[in-house]
Amino acid sequence: MELQNTAARENAAETVNTTANSNANTTANTTANTTETTQSRMMTDPASFDFEKWEHCMTQVLRETPQQLLTESDRQGEPVLRAEIADYLYRSRGVVCNPDQVIISAGTQQLFNHLARILKLMDIEHVCTEEPGYTPVRSILRDWGFSISNIPVKDDGLAIEKLPTNIRTAAYVCPQNQFPTGAFMPVSNRYLLLDWAEENDSLIIEDDYNSSLSNLDDTAATLQGLDGGKRVVYMGTFSPTLFPAVRISYMVLPEPMAEIFSKMKDEYDQTCSKTEQLTLARFMHEGSYQANLDRVRALYAEKLQIVLGAISACDPNHSFITVENTQSGVNVMLKIDTHARTICEGSSGEARSEEIRSEMTDRMIASAAALGVKVRGVSQLNSNGQIYLTLSYDQIPSDKLSETVKELIQTFKSAVMKGGLRIPSVYEVIRLTGGHPQFLPEHFARLENSLGAIGKPIPFTYAELEESIRSLAEEGHISDHNLKLDVDISGHSVLYMSPTHYPAQKQYAEGVRTDLFYGERNNPHIKMMDQALRDATDAVIREKHLYEVILVDRDGQITEGSRSNIFFIKDGEVYTSPLHQVLPGVTRGKIIEILKSKGIMVHENPIKASDIGTFDAAFISGTSPKVLPIASAGEVSYDVQDPLLRNIMDWYDETLRS
C-alpha cells in the first residue's frame, strides 16, 4: 500500500488466482479489447494517405499490364520505378544519377546487406557511424564483420575532425536531420566531409531518411548532389510518406559500385512486391505522390503542435519533461527528469546511476508499448538524471493524439516516480506480532539513516508510519506477519505484506538446511540485492530444496545469507561477519544487543567459508519470526541443540514478548 492507504497484496493475489479460471471468457474479451485499442493507436492516420488515388493506380496496373505481373521482379527493382525515383530525387533533392544506379528493396536492412557485400568486395573493412545514431545500421555492419568507429555528433552534425585519416573507410551520416538529435550539417561542413572522403580515398553513406517531411526551413543540397555521385551512396525510403503495409526503400550507388552490384544481383531475390513497385511508379508519374506529400507535411506539422500542446498541458513548467528536436517531422526527442541525480554522487556512484536510468527507461518504453505508442531510448545521451527518449507521433491519428500523449506522460511519471526500484530503493522488513510492530523505533531510525546516505529526507513521520501499519493490519485481518516498507529515490513509499517464506514449526526445532553460494552485495546504505544475484540465489534454493544460502564474496569470506544474517557458535562465544560485509538488519542488531547484555562474547570479524566446519552451531536472523538454527551448511552439520543456541532463541522470544 502507499503509506497512507493500500490493501494487502497477498489477499489481492489470492483473489486473482481463485477467480482466474471462472473469468476465462472475460479475460479473453478484455485481451481482445486491449489488443484492438493498441492496434488503433498504432494505426497510421487515415488522413495521411489518399487511398483512392492509390487504388486507381493499382487498378490500372492490374488492367493494363497484367503480362508484367506474370514475370519475376527485376532483382534491382522495376525499371519504370527506378526511372521515376531518379527523376524525383533530382527535382526534389538535387541527386544526380541514372536509373541504373538505383537499387530498390523492401526496407533498408536488405539494402545494407547489399551495400556491406559491395564494400567487402572493394576491400573496405572499416566503417564510421554516428554516436548517438541509428543502432540497427551499426548492428548489420557489425554482423558483416566490419570494424566500427563511433564518431560523436555535435550541434552541426558529425564531428568531421574525428574521422580517421589513415585508413580507407565508409562514413555513415544523416546530414539533413540526424537521428536522434536532429542535428543539421551546414553546407560548409558538407564540403569538408567530401574533402575528407577524397583525401582519404573513402566513401560516404548518406541516409536522407525523412528529408521530405522535415520541418527545417533550411534544406541544404545533398552530399550526393554536391559530390556529383562519385563517392556518396545515397539512401532513402518511402515508408514515412506511404503507409506501413508498403515497404519500399532505395539506394543510389556511384557508378563503379553499381557495376559491382550488377554482377552479383542475380544471387539475390527481389524482396519488394512487383505490383506495389509498378503502382508506386504510376502514383509518382501522375503527380499523386507529390500531392500526397504536401498533404502529409501539413498534417504532421499540425500533429507536432498537438503534441507540444499536450505536453505543456501536463507539465507547464517543464519540470519533468522537455521537448527537443522538433524539426524531424515524424518524431520528437523527450528529455525526462528522473531525479536520479540525487544518487549520482557519494556512496552510490555513477555506475549505479546508469543502472537506475536503464531500469527507468525500460519501464517507460514498456508503458508506452502498452499504450501502442512507439518510443525508443537514446542511452548515449543520458546523464545527470536525464533520460532521453524519441516519441514517434506520425502513426497516431490526430483525433487521438492529444489524449494519447497526455496518457503517455502520466504513465511516464508513474514509471519514474512510483513503485519499488530494484537498485535505488531502501527498505525495512518489520515483524508484526499480535498486531503490533516489533522494533519499530529502530526500523524508523535505520530507514532515516539509509535515506540520508543518498541525500533524501524520510517522507513521513513516525506517527504516520505507525498509523499506516495499524490500518494495514486491520484491513488485512493480520496479526502475525512480516511487513515490507519500501521507499524509492523519489521519496515514494510503499507498505505491503512481505512475501517472505516462513519456516515450519518443525524447522525451529530441527534447524534448516543451507548451502554456500558465491555472491556479493555492495553498498549497505541501499538495502537491495543485485537482481542477477537474487535470481541465481533463488535458483539454487529451488534446485537443492534449501531454506537459505550463505553468500561468499570474492575473497572467500562469508557476507550473509540470502534472507538473513549468519551467526556461528564455538566454545560458548558467537562469531559473525563485520558490518561492512553485510546488510545490517534490526534483528541482527537486537541479537547482538541481547548477547552483550548476557555477557556473551561477540566476535565481529571476517569469517572464511573454509572455516565453517570449525564451529559447533550456527543460526540465522533476519526476516524470520524467530532465531532459526542451521542444521547443515553444505557438507557440514551443526548441533541444533547447542545450549547457547537454545538460550539465544529463548532470550530473543522473551524480548519479543516484552
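# Asking why, in a predicted model

Biologist: Which residues does S637 touch, once its neighbours within four places in sequence are left aside?

Modeller: S637 is in contact with A631 and S632. Contact here means heavy atoms within 4.5 Å. Before we go on, this is a predicted model, in which local features need pLDDT of at least 70 and side-chain atom pairs count only at pLDDT 80 or more, while totals for chains, interfaces and linings use all residues. Residues are numbered from 1 along each chain as its sequence is written, and side-chain values use heavy atoms, with hydrogens and water left out.

Biologist: Why is S637 called exposed?

Modeller: The relative accessible area decides that: under 20% is buried, over 50% is exposed, and in between is partly exposed (1.4 Å probe, protein chains only). S637 has 59%, so it counts as exposed. S637 is in strand 25, residues 636-637. A617 is 20 residues from S637 in sequence, and their C-alpha atoms are 8.4 Å apart.

Biologist: What makes a group of residues a nonpolar core?

Modeller: A nonpolar core is a set of buried Ala, Val, Leu, Ile, Met, Phe, Trp, Tyr and Cys residues joined through side-chain atoms within 4.5 Å. The largest such core has 32 residues, and F238, L242 and L280 have the most contacts inside it. The elements giving two or more residues to this core include helix 3 (51-64), strand 8 (249-252) and helix 12 (288-314). A second, separate core has 29 residues, among them L111, L141, C174 and V233.

Biologist: What does L280 touch, apart from neighbours within four places in sequence?

Modeller: L280 is in contact with W54, L81, F238, L242 and I248.

Biologist: Why is the space found in this structure called a cavity?

Modeller: On a 1 Å grid over the protein atoms alone, a cavity is a set of points where a 1.4 Å probe fits but cannot get out, and lining residues have an atom within 4 Å of a point. The search of the whole structure finds 1 cavity of 30 Å³ or more. The largest cavity holds about 100 Å³, where volume is the space filled by probe spheres set on the points, and points are joined across faces, edges and corners.

Biologist: What lines the largest cavity?

Modeller: There are 14 lining residues, with Y88, S211, S212, T237 and Y250 lying nearest the centre. Helix 5 gives the most, with 4 residues. By class, the lining has 7 nonpolar, 5 polar and 2 charged residues. Ala, Val, Leu, Ile, Met, Phe, Trp, Tyr, Cys and Pro count as nonpolar, Asp, Glu, Lys and Arg as charged, and the others, Gly among them, as polar.

Biologist: What makes D201 and F439 stand out in their phi angles?

Modeller: Most residues other than glycine have a negative phi, and most peptide bonds are trans. D201 is not a glycine, yet its phi is positive at about 50 degrees. F439 is not a glycine either, and its phi is about 55 degrees. D201 has 37% relative accessible area, so it is partly exposed. F439 has 12%, so it counts as buried.

Biologist: Which peptide bonds are cis, and what is omega there?

Modeller: One joins E131 and P132, with omega about 0 degrees. Another runs from F179 to P180, with omega near 10 degrees. P132 is in the loop between strand 2 (126-131) and helix 7 (135-143).

Biologist: How many disulfides are there?

Modeller: A disulfide is a covalent bond between the sulfur atoms of two cysteines. The test is a pair of cysteine sulfur atoms within 2.5 Å, and the search of the whole structure finds 0.

Biologist: Are C272 and C314 buried or exposed?

Modeller: C272 has 3% relative accessibility, so it counts as buried. C314, at 16%, counts as buried too.

Methods:
1 Å grid on protein atoms, 1.4 Å probe; cavity = no way out; pocket = protein on both sides within 12 Å on 5 of 7 lines; lining within 4 Å.
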